[in-house]
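Biologist: Hi! Could you walk me through this one while I have it open on my screen?
Modeller: Happy to, just ask away.

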Amino acid sequence: MQRPPLQLAPLLLFLLTAAPLACAALPSSAKPPARVMTSCYMCHSTHGDDPRFGYIPRLAHQSETYITEQLKAFRDGSRSDPPGEMYMWPVSQALSNRDIDLVADWYASQPPPPPQKAGRLAQAGSLIFHDGLLKQDVPACMSCHGPEAAGSGIYPRLAGQNVEYLIEQLRFFKSGVRHDKNADIMHMIAIHLTDRQMRAVADYLTSLQ
Amino acid sequence: MFHPFSASAGSPKLSIEVPKPLREGLGAMHWAGALALIGLLAFVPPAHAVPSFARQTGWSCSVCHTIFPQLTPIGRLFKLEGYTTSNLADMQKLKQKIRRMAPLELNRVTPLSVMIQASAAWIQGGHANQFGSGGTTGQGAVEFPEQVSFFYAGRVTRNIGTFFHVTYTHTGAFGMDDSDIRWAEHETEPNGSTLIYGAEINNTPTEPDLWNSVPDWNWPFATSNYSPLRDIPATYIQQAAGASEPIAGLGGYLAYLFGAGESHWLYLEADVYRSAVGIGSGTDQFFGAATLGPTRNVAPYLRIAYEQNDEEWNWEVGALGMDAKIYPTTAAIGSTDRFLDYGLDGQIQYLDLTGNQTFTAHVSWIHETEDWQADPAVGFKPNPVDTLDTASINGQYLLNRRYGAGLGYFWAWGTPDPALYGAATGNPAALVSANGSPDTNGLTFELNYLEAQNAELTLQYSAFNKYLGASSNYNGHGQNASTNNMLALLMWFAF
């Protein structure tokens, strides 16, 4: 038998050791983590594509960093808003860091939720999202959330999100009810938005995939 | 439909107090038949909401309930999962440390709860109904307490949970109330569907159910023990509400959640019931022997339901059935009477939780065929076969989880049978039909105020359009259906 070239030995060693370790760290398997099935799915659904109620966010394909950060913020109480306090504070208390990583990995690895029907104000919402409202000191949402509203890192994915959830969170930002470490940024934007403009942005975002 | 001499202490819908010598002097089924018109358990399940579930999950009561005991979809999932959803850490995690050793999975908080109810009732014609012969006959009867319940309700192990409680009521003793112990597990499919399945033991048909359109959980969720609502003729499966028949059931269920977001639910349940001791039935029945005739073999119960969830809306349609063969006496010999029940139900629910408005409506219909083939042999002679139908439609609105209103209409109709509903029963005059008819209908209206999610005050009014066969002079003694109209003030709190 011909021996493999000696130069390949480090590569083989790496594959033999790193691959199992990588799998053990965060498996993106077809089977959801236990925590998803003992808690999360009851509201967010197993795949995060269609929560039980409109004011519950779709988590499918959400930024892993964002989910991780928000779960930890719920756990230490630094993120607060009424539904978050009622539902997520108790749930997050039971989550270890590894639980959080597994849950975030699961939902981030799910396919994007199917787009929903654009609302009647979607066209106006598209303008706000892409161009902002200069006269109202509202910057373009896409400058942080991305041109496709896909989010990145700490900036959440908004494409395909539920209309009710988006409007509710914008209202929480505007009224100052929602607190987290980035809430001040959104508060300074949301205070310039009318209810109709919030609806318009939500009508547009929910139709994206 | 027959009626136990002394129904469950756990049920707020309790029986006429039959004098003991009279009981002993007559065969059980004589009185069972004679009191058959008393649908003591018909439309008034006990109000149940359990703070220990809230302590276990950390969730507000309103996550799983609109108003108690009306369930939301999350509440239904919590029940399907065997009451095991917990956000508390286990006391010990031996399982991870020593894998071969059976784990210890004690909750850090023992799932105990207490529920207290009190009431005051004013009945237009006085309290001549179920307590009429031996109880208060004046206006404004006050019950303090009306009920006191002690619950062990929550997670036992990762897969096992209980909703188990005993209740003290006006009979002066504790008795079993509707309870179940269940084991549950779930599987997820790659296509996104989820199968939840479980096994349970319970003491009340329809207690394991998920919707409030079935007898054990239907509206109104509470009323006074003096309420004539408790006296509406009822089918066997309705009378069993609140653990009021001495039976226990072993069953299994499965729920298949499919479609986008598992928004379509198919629920199947099958149980077999058999006479049991340890099922409370009045002052001398707590963990004692039943005085009623036992079931012959087992009484099967089947349930199928479909639910669809769509954002704020969810709705359900379902069917149920039960076939019970009962011996007329405790001797359990000879032939049996047979009660064959089947029915349809539906529920629609609107949950605008961000606007803090909820609305739930229920509709139900149950048909019963009563085959009294055993009773002539023991001297009780109703028609060979009777039928009884009951139906109800009702809706409840709640604003800000604080202010509520409910409105409903109810019907009962069936074969006239003087042996069941007429003067021959020996019942108090208020519970006698001159024409032997069970036909009864009327409405119930109530206003609710919740001081907190676990403390509620209700003002309830019920009015009868027809009572036991007629609107006026229904009993031949000049009493009209409206004399049973009632205004009640109800207090409920749990901790």
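Predicted model: local features only at pLDDT ≥ 70, side-chain atom pairs only at ≥ 80, totals over all residues.

Biologist: Thanks. How many residues are in the hairpin that joins β2(B) to β3(B)?
Modeller: The hairpin goes through 4 residues. If you want a pair to click on, B:V148 stands opposite B:Y168 in β3(B).

Biologist: Which way does β3(B) run against strand β4 (residues 174-176) of chain B?
Modeller: β3(B) and β4(B) run antiparallel, joined by 3 bridges. In β4(B), B:M176 is the bridge partner of B:V166.

Biologist: And what does B:G172 do in the hairpin of β3(B) and β4(B)?
Modeller: B:G172 takes a positive phi near 90° there. That hairpin has 4 residues between its strands.

Biologist: How many bridges does β3(B) make with β5(B)?
Modeller: There are 4 bridges, and the pairing is in the antiparallel sense. One to look at is B:G161, whose bridge partner in β5(B) is B:R182.

Biologist: How many of the 10 residues of strand β3 (residues 160-169) of chain B are buried?
Modeller: 8 of the 10 are buried, so β3(B) is largely enclosed by the rest of the structure.

Biologist: Let me zoom out. How many helices and strands are in chain B?
Modeller: Chain B has 8 helices and 17 strands. Its 495 residues are 56% buried. Among its contacts with a separation of 6 or more, 69% are between residues 24 or more positions apart.

Biologist: What about chain A, how many helices and strands there?
Modeller: Chain A has 10 helices and 0 strands. Of its 209 residues, 44% count as buried. For contacts in chain A with a separation of 6 or more, residues 24 or more positions apart account for 71%.

Biologist: Which domains does the assignment give for chain A?
Modeller: The domain assignment gives domain 1 (34-108) and domain 2 (122-205). Their C-alpha centres lie 21 Å apart. The contact takes 18 residues from domain 1 of chain A and 19 residues from domain 2 of chain A.

Biologist: Where does the largest share of domain 1's side of that contact come from?
Modeller: From helix α3 (residues 64-76) of chain A, which gives 4 residues. By class, the side of domain 1 of chain A that touches domain 2 of chain A has 7 nonpolar, 7 polar and 4 charged residues.

Biologist: I also have α2(A) selected. Which of its residues are buried?
Modeller: The buried residues of α2(A) are A:V36, A:S39, A:C40, A:Y41, A:M42, A:C43 and A:H44. Just after α2(A) comes A:S45, with a positive phi of about 75°.

Biologist: What do the buried residues of α2(A) pack against?
Modeller: They pack against α4 (82-93) and α5 of chain A, together with α5 of chain B.

Biologist: At what angle do the axes of α2(A) and α5(A) cross?
Modeller: The axes of helix α2 (residues 34-44) of chain A and helix α5 (residues 97-108) of chain A cross at roughly 80°, and they come within 9 Å. The two helices are therefore roughly perpendicular to each other.

Biologist: Which residues meet there?
Modeller: From α2(A) you have A:R35, A:V36 and A:C40, and they meet A:D99, A:L102, A:V103 and A:W106 in α5(A). The residues of that contact divide into 5 nonpolar, no polar and 2 charged.

Biologist: Last topic, the two chains together. How many residues of chain B are in contact with chain A?
Modeller: 27 residues of chain B are in contact with 26 residues of chain A. On the chain B side, α5 (73-80) and β5 (180-188) each supply at least two residues.

Biologist: Which element gives the most to that side of chain B?
Modeller: That is α5(B), with 3 residues. By class, the side of chain B that touches chain A has 11 nonpolar, 13 polar and 3 charged residues.

Key. Residues numbered from 1 in each chain as written. Chains lettered and ligands numbered in written order. Domains from an automatic or database assignment. Contact = placed C-beta atoms within 7 Å. Nonpolar A, V, L, I, M, F, W, Y, C, P; charged D, E, K, R; others polar. Axes fitted to C-alpha atoms, helices over the stretch in contact; angles between N-to-C directions. Parallel < 35°, antiparallel > 145°, perpendicular 65-115°, else oblique. Buried ≥ 20, exposed ≤ 12 C-beta atoms within 10 Å, placed from the backbone. Pairing = 2+ DSSP bridges.
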